[in-house]
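Trainee: Could we walk through this fold together, helix by helix and then into the core?
Mentor: Happy to; let's open it up.

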Amino acid sequence: MYDIMNPAEIKVALLAGGISSERKISLASGDGAQEALLEAGFNVERLDPAQQDDLKRLIDGGFDVAFLCMHGRGGEDGALQGFLETIGLPYTGSGVFASAVCMDKTAAKLVYEAVGIPTPPSAVVKKADGFDIVDVLAAVGFASEGVVGDSASSASSASVGNATASARAVDVADADGTEGDAADSGVVRACKCAVKAASEGSSVGVYIEEGVDAIAGAIEKAFEFDDTVLIERYVSGTELTVVVLGNDDVKALPIIEIVPKNASYDFEAKYAPGGSEHICPARIGEKETAEIQQYAMRAHKALGCSGVSRTDFLLDSEGHPWALETNTLPGMTKTSLLPDAARVAGISFPELCTGFIQNALERAEER
């Protein structure tokens, strides 16, 4: 039995770095977590999974637990978690399955739909198959009345069966004209979409584009980051995020409202000092707050998350929330959302990190 009340007896392998496109953010998260863990009194050794010697060290280093500050592929997608399972080392955050599902935005959306969490209408395309932009936009909901069936039935190798993904219908914008090849199929001109590389984080490979040609171009750019691309109907609204803590007995922290200085909450807005303003608790009503927190906790449980998750939402002008994605290893940098939400809830960063280790050790003991 571990005595979490005596952190000095807990030997922690803090993992940060890795080989993903989010390596720099992972290293910054490691800096923040290391400071908090040392302040809490833990015995901490920092390792980088990108180094083979550090991976060997995990096996023979006599560690009690691994504290994960990994972001992106190879660290947040279940791969590293599988390695830690194999060597029998408890670790913070979610397990292999939940990590893999949450890393793949297309898979996470299927779970949202299955448990009644509203998420924007979307289509999925694969690089190997190619895509027909008319079919993609029709699947997302951008088609003039009476022509959806015609365009959807045309030959295409795109996987666009997710047209009815959301729990609520979205009104199609009025067409004021068409452009390019889309004109013959009735796809409206006033279309705006979020195009996302399916398995990247930190807004890497994410584009917000308007117009048929721009959306098609964004899909091609997203293919530079991933072989699978998610195209969602763009929802305009207030950007919100909810941190959920715990394993079986979960708790939602106060909702954070994100006000980016740029047009969208992109990489710079997330990590550059002053790139965005975090308002916690969010400036929304009690009804909306309770509903969104419930959806976040439902996502945490349905996805099988452990320890911590952070689900991002948009709240539209009519007060309807839309779930975008769930993150199993939220950032721990000085500009990250997780420490902000915890602080408002009266939880210090060292206390938060101590809780993550407690969750990891409890989960290991239950097996």
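Mentor: Below are a few questions and answers on this predicted model.

Trainee: What span is expected for helix α1 at 1.5 Å a residue?
Mentor: Helix α1 covers residues 23–40, which makes 18 residues. From the first C-alpha to the last, α1 reaches 25 Å. That is close to the expected value, 26 Å.

Trainee: Which element gives the largest share of the largest nonpolar core?
Mentor: This core has 30 residues, and V12, L37, F67, L245, F356 and I357 touch the most other members. Elements that give two or more residues to the core include β1, α1, β8 and α12. The largest share, 6 residues, comes from α12.

Trainee: How many residues are in the second, separate core?
Mentor: Start from L245, one of the residues touching the most other members of the largest core. Leaving out residues up to four places away in sequence, L245 touches V250, L352 and F356, among others. V250 belongs to the second, separate core, along with A108, L303 and A323 among its members. The size of that second core is 23 residues.

Key: Residues are numbered from 1 along each chain as its sequence is written. This is a predicted model: local features need pLDDT of at least 70, side-chain atom pairs count only at pLDDT 80 or more; totals for chains, interfaces and linings use all residues. Side-chain values use heavy atoms; hydrogens and water are left out. Helices (H or I, at least four residues) and strands (E, at least two) are DSSP runs, numbered from the N terminus. The expected span of a helix is 1.5 Å times one less than its number of residues. A nonpolar core is a set of buried Ala, Val, Leu, Ile, Met, Phe, Trp, Tyr and Cys residues joined through side-chain atoms within 4.5 Å. Buried means under 20% relative accessible area, exposed over 50%, partly exposed in between (1.4 Å probe, protein chains only). Contact means heavy atoms within 4.5 Å.
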